[in-house]
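Keep the structure open while you read.

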Amino acid sequence: MGNSNLDTDFYESEDPIWNPALLTIPVPGIRRMVNLAADMDDVIHLSIGQPDFKPPEHVIQAGVDALYAGQTGYTMDAGLPELLDSLAEYYSKRYQRTLVPENFLVTTGATEALYLALTATSAPGREFIVPDPSFMLYGPLIRMNGGIVRSIATRAENNHQLDPQEVIDAMGPNTFAVILNSPSNPTGTIYPRETIDAIVEEAAYRGIHVISDEVYDHLIYDGKDYPSVLSSCPDLDHVMVISSFSKTFSMAGMRVGWLIGSQGAIKKLRRYHMFTTTVANTPCQWAGVAALRGSNQFIDSMVEEYQGRRDRLVELVEQTPHLTGYKPDGAFYLFPSLPEGVDGANVALKLLRETGVCTISGDTFGDAGRNALRISYSTSLDQIEEAFSRIIPWMEKQNFS
Ligand SMILES: Cc1ncc(COP(=O)(O)O)c(C=O)c1O
């Protein structure tokens with residue numbers, strides 16, 4: 001299988017009860033680091049993958065009110081009708097195109113939406129083009145059902161931008177879909193409109209699907225416009241867009257997300273969803289209605305705070321020996337490179353043991369990131385400053401040649 005992240009205990013086990021498809025699931029690099037950090041004192045986490053804010057008060061209240069109002073049963077299988085209406089209204093307005101409730105399926109976080117989209121379409125011989133590095137769920141969910149991942153490497157020197165021509169050149173007769181994630185976890189990179197347009201247009205021409213994970217679609221800095229796949233595609237025939245409340249409203253544990261697609265695709269996936277999680281959490285779907293219908297003030301102040309942290313982090317990375325950074329435009333991650341050939345997993349481990357700063361090694365997100373570290377700024381500026389007051393002198397002492 002050639003993947004050093006595989007759980008070797010499991011791989012070597014003779015235990016016959018498990019479906020071999022589970023071999024595609026690596027030991028998560030994030031868990032490895034966080035578990036080690038849990039046994040240490042005075043750890044600073046630059047490893048967090050969820051917002052460090054409290055959700056807006058009115059959103060929490062709506063969830064609590066729903067509980068007291070007895071909203072504790074199942075909803076309709078596609079989702080709470082009020083949430084489907086709110087999503088259709090919200091997206092139609094945001095991207096100035098008509099979307100109807102039947103274009104939406106409410107899921108248990110974006111994770112379930114990704115699970116449905118990828119496992120319902122992946123099949124032996126079908127190829128999926130996936131940027132590398134990328135969010136660690138995509139590859140295993142594709143490989144689990146026999147699909148093939150075609151990686152397109154991106155680099156820190158190029159702000160981890162995806163070259164649309166490279167994506168187009170990778171398209172072939174067996175290509176089923178291109179996976180996009182902008183802003184990206186782990187790089188924070190936003191693909192410009194020209195990149196999205198070029199990929200969406202060529203994919204539509206060839207009948208290839210575009211599956212776009214847009215969970216960070218509101219964490220956009222410097223007042224930039226967000227180029228969603230939804231504003232590039234004339235129809236939804238070959239497009240699935242996935243998002244959730246997790247990052248935008250700091251509701252990761254409330255587990256509500258959605259998939260946007262053609263009415264035909266939604267109809268098909270609704271059935272699969274019923275056999276997967278049945279429905280998403282009912283009171284939290286009511287909280288989601290309040291989030292979409294409320295003001296944008298929470299998002300605006302969160303974005304302002306993240307932008308300040310991003311700016312400072314970019315400076316600090318620039319001052320750090322051996323790290324090549326760049327300025328990401330979104331999400332809350334930076335994915336700087338170490339010199340070519342340096343093993344990021346060793347560096348992350350040693351850095352944690354010797355300084356107490358927990359980052360995530362780049363190999364968690366694919367082979368192209370082996371010499372990188374993912375640094376999350378979903379933590380306070382004070383913690384970021386303290387972390388780099390440890391990292392910089394430590395890096396000065398390293399000799400990677
Ligand atoms: C790119 C990306 N997609 C999806 C998810 C999962 O989001 P959710 O909490 O909505 O399941 C995450 C969470 O970290 C993510 O970073």
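Q: In which loop is Asp329 found?
A: This is a predicted model; local features need pLDDT of at least 70, side-chain atom pairs count only at pLDDT 80 or more, and totals for chains, interfaces and linings use all residues. Residues are numbered from 1 along each chain as its sequence is written. Helices (H or I, at least four residues) and strands (E, at least two) are DSSP runs, numbered from the N terminus. Asp329 sits in the loop between H11 and strand E9 (333-334).

Q: Is Asp329 buried or exposed?
A: A residue is buried if 20 or more other C-beta atoms lie within 10 Å of its own, exposed if 12 or fewer, and partly exposed in between; C-beta atoms are placed from the backbone. Asp329 has 21 C-beta neighbours inside 10 Å, so Asp329 counts as buried.

Q: Which residues does Asp329 touch, not counting residues up to four places away in sequence?
A: Contact means C-beta atoms, placed from the backbone, within 7 Å. Asp329 touches Pro183, Gly188, Thr189, Ile190, Ile220, Tyr221, Asp222 and Lys224.

Q: How far apart in space are Asp329 and Tyr191, C-alpha to C-alpha?
A: In sequence, Asp329 and Tyr191 are 138 residues apart. In space, C-alpha to C-alpha, the separation is 9.4 Å.

Q: Where around H8 do its buried residues lie?
A: In helix H8 (residues 193-206), Thr195, Ile196, Ile199, Val200 and Ala203 are buried. They cover an arc of only 115° around the axis, taken from the directions from the helix axis to the C-beta atoms. Therefore they lie on the same side of H8.

Q: What do the buried residues of H8 pack against?
A: The face turned away from the buried side carries the exposed residues Glu194 and Tyr205. The buried residues pack against helix H7 (164-170), strand E5 (175-181) and strand E6 (209-213).

Q: How far apart are the end C-alpha atoms of helix H13 (residues 381-396)?
A: The expected span is 1.5 Å times one less than the number of residues. For the 16 residues of H13 that gives 22 Å. The model agrees: the end C-alpha atoms are 22 Å apart.

Q: Which residues of H13 are buried?
A: What covers them includes strand E1 (44-45), helix H11 (297-318), helix H12 (344-355) and strand E10 (357-358). The buried residues of H13 are Ile384, Ala387, Phe388 and Ile391.

Definitions and conventions. Contact = placed C-beta atoms within 7 Å.
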